[in-house]
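This report walks through selected features of one structure. Have the sequence and the model in view as you read.

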Amino acid sequence: MAKRLAITIAGAVSLGSYEAGVIYEVLDAIEQHNATPGLDAAEKIEIDVLTGASSGGMTAAILAHKMLYAAGEFRGPYDNPLYNVWVKRVDLAGLVATEDEDTGEAEPAMRSIFSSNLVESVMDELLLDRYESETPTTPVRHSAAAPSISLGMTLTNLNGVDYGYEMHPGGKVTYTRHDDRIARTLDATTDRRDVWLEIKQAAVASGAFPLAFRAKELVRPRNDYARENLEPWSEETRRFTYTDGAVLQSEPLAMAKRIVNQRDRHWNNDSRFYLFITPHGKDSSVDQGFCEEQADYMDMAKRLAKVILAQSEFEDWLKAEEVNHGIDLLDARARGVQQSLRTGAVSAQVLQQSADALLPVLFGVVEIRQPREIATASGETLDEARRRIAHQYEQEMRELGEGSAEAIAFRDTVLVMERSANLGEKDRMRIYGITVSEQQLAGAELTAFLGFFHERYRQHDYDRGRLVARAVLQDPMLSLPGELGPLHYTPGQTRPINLQLNGLRLSDVPAEEQTVFREGMKRRVSAMVRELIGIWSYPANLAVIDPIMNALLDQVFREEPRSGQPGD
């Protein structure tokens with residue numbers, strides 16, 4: 001079996017260009033590696049899971065589609081689907097162009113600051129144009145792609161979904177969940193417009209940055225929410241309105257793990273790896289200088305944006321590390337049990353008697369007292385769990401003697417320890433992080449919208465992504481036993497990094513580039529006023545709106561000290 005890679009792509013806004021650079025380098029490395037003459041099948045690498053939030057969700061959808069059906073579009077580092085979208089196509093001029101050039105029709109000003117139509121059209125081209133012909137071209141799968149890819153995207157559900165929980169001694173509490181997600185498994189049979197229309201709509205919804213872009217409606221089937229405690233629906237489908245998936249789930253590693261669980265069933269975890277791509281993580285978000293006197297509307301908005309982002313980052317990774325620590329402890333204790341059995345310090349018969357008494361309790365339903373019951377949370381049966389443990393600890397059992405009383409006692413004792421520690425269906429996650437300091441990026445300011453100001457900023461961040469990915473892929477740690485490598489790949493050329501763009505501030509942006517943003521914002525606010533007060537908007541613009549907007553925009557672009565030194 002080939003090594004399998006699950007990739008999680010964090011929310012990034014214009015730093016989607018950085019993530020695009022990372023992904024290109026990863027695909028290039030795997031393509032070269034898999035083409036190595038004489039490479040054993042078990043050493044090949046396949047990407048079979050993609051999850052993403054916000055712009056990362058859009059990237060995941062594009063990547064899944066192109067890897068499964070259009071591998072020929074990956075023509076090189078500066079001509080591939082992700083580069084062409086995040087570096088060349090989506091820019092500030094297009095985002096502030098909220099009126100149709102042909103019809104003059106404007107997007108509703110009270111629903112979004114930037115052009116949602118641009119995002120819709122880009123995703124249509126990438127995911128749906130293939131199906132304009134009655135007979136799409138023959139699909140070509142990328143050598144880094146598994147035969148099927150499971151795609152997951154996070155969403156923020158503005159309506160909410162109700163779950164009911166019984167309270168004691170009586171009554172019920174209703175919990176409304178707003179963190180939402182959509183997951184689909186894709187392969188050669190899903191190369192159809194209806195499948196990708198749903199995915200396109202979900203990707204746009206996942207990337208609908210609040211206020212910047214319109215909220216997006218999706219029709220969801222009830223079975224997407226088929227889980228315990230779901231409050232009954234009276235209909236088979238329900239319409240929900242969504243905004244950016246990164247608001248509540250910025251880095252969906254846990255979603256990747258749930259999808260992996262469904263694909264792998266907790267088997268062959270030794271060949272499962274995770275790649276975590278984010279343009280954050282190496283900078284502290286602490287701001288000791290923020291104080292009451294500084295908390296005006298503008299500074300408060302900036303600070304809150306950073307606080308919300310910081311709180312949604314790395315939570316899944318931290319939880320995974322906690323589980324990994326628990327599994328490491330279990331493995332260490334399992335080795336201790338094996339050693340005791342090998343030396344005769346403990347009797348296999350005694351251990352087996354203890355395990356035989358405990359396992360039916362641990363895998364059964366335990367009644368504490370009416371009306372409370374604790375039911376097993378696992379769908380795994382005792383026999384299934386025994387087979388899994390025997391597979392996971394195959395070497396230890398072989399050393400004790402296959403089929404021996406010692407091996408069986410070891411298996412059942414480890415299963416008791418695992419179940420008691422609530423590690424029953426949890427696996428070690430070998431996660432490789434590709435993170436970067438914002439001081440090495442050009443587009444991180446203005447809540448990561450700054451990269452849209454000019455293509456050279458996005459080129460800088462794309463090439464930075466390639467270099468950061470290269471450092472990880474060539475790290476000697478990846479060549480250790482049990483790791484993803486060694487990778488057989490020779491990195492290609494990158495453009496020189498312009499160090500003057502590292503840690504770019506808004507105040508560093510040239511006046512002509514500021515003008516596009518300033519004029520675009522003023523036009524949009526003017527349109528909002530026009531929608532609100534009609535014919536009175538023109539004098540209001542002259543007397544009130546223009547001076548206020550100029551003052552606010554001066555505040556946005558004012559000089560601020562850098563929080564650190566530019567990276568190299």
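Pro486 sits in the loop that links helix 15 and helix 16 (511-533). Helices (H or I, at least four residues) and strands (E, at least two) are DSSP runs, numbered from the N terminus. The peptide bond from Gly485 to Pro486 is cis, with omega near 0°. Most peptide bonds are trans, and most residues other than glycine have a negative phi.

The model is predicted: local features need pLDDT of at least 70, and side-chain atom pairs count only at pLDDT 80 or more, while totals for chains, interfaces and linings use all residues. Residues are numbered from 1 along each chain as its sequence is written, and side-chain values use heavy atoms, with hydrogens and water left out.

Helix 14 covers residues 445-448 and holds Thr447. Ala448 is found in helix 14 too. Each has a positive phi, as tabulated here. Buried means under 20% relative accessible area, exposed over 50%, and partly exposed in between (1.4 Å probe, protein chains only).

| Residue | Phi | Relative accessibility |
|---|---|---|
| Thr447 | Thr447: near 55° | Thr447: 39%, partly exposed |
| Ala448 | Ala448: near 70° | Ala448: 6%, buried |

Two packed helices are described by the angle between their axes and the distance between the axes. Axes are lines fitted to C-alpha atoms, for helices over the stretch in contact, and angles run from 0 to 180 degrees between N-to-C directions.

Take helix 1 (residues 16-34) and helix 2 (residues 55-69). They pack at an angle of about 30°, with their axes 11 Å apart. That makes helix 1 roughly parallel to helix 2. Angles under 35 degrees count as roughly parallel, over 145 as roughly antiparallel, 65 to 115 as roughly perpendicular, and the rest as oblique. The crossing of helix 1 and helix 2 is right-handed. A crossing is right-handed if the near helix is turned clockwise from the far one by less than a right angle, and left-handed if anticlockwise.

Which residues of helix 1 meet helix 2? They are Glu19, Ile23 and Leu27. Their partners in helix 2 are Ser55, Gly56, Thr59, Leu63 and Met67. Contact means heavy atoms within 4.5 Å. By class, this contact has four nonpolar, three polar and one charged residue. Ala, Val, Leu, Ile, Met, Phe, Trp, Tyr, Cys and Pro count as nonpolar, Asp, Glu, Lys and Arg as charged, and the others, Gly among them, as polar.

Helix 1 also packs with helix 15 (residues 455-473). Their axes come within 6 Å and cross at roughly 40°. Helix 1 and helix 15 are therefore oblique to each other. Helix 1 passes helix 15 in a right-handed crossing. Residues of helix 1 in this contact include Ser17, Tyr18 and Glu25, and those of helix 15 include Arg458, Asp461 and Ala469. The contact of helix 1 with helix 15 has ten nonpolar, three polar and six charged residues.

**Two buried residues**

His65 is found in helix 2. His65 is buried, with a relative accessible area of 1%. Its contacts beyond four places in sequence are Ala70, Leu126, Leu127, Arg130, Tyr131 and Trp196. The side chains of His65 and Tyr131 make a polar contact (3.3 Å). A polar contact is a pair of N or O atoms within 3.5 Å; within protein, one must be able to donate a hydrogen and the other to accept it, and residues adjacent in sequence count only if both atoms are side-chain atoms.

Ser54 lies in the loop between strand 2 (45-52) and helix 2. At 5% relative accessibility, Ser54 is buried. Beyond four places in sequence, the contacts of Ser54 include Gly11, Thr154 and Asp244.
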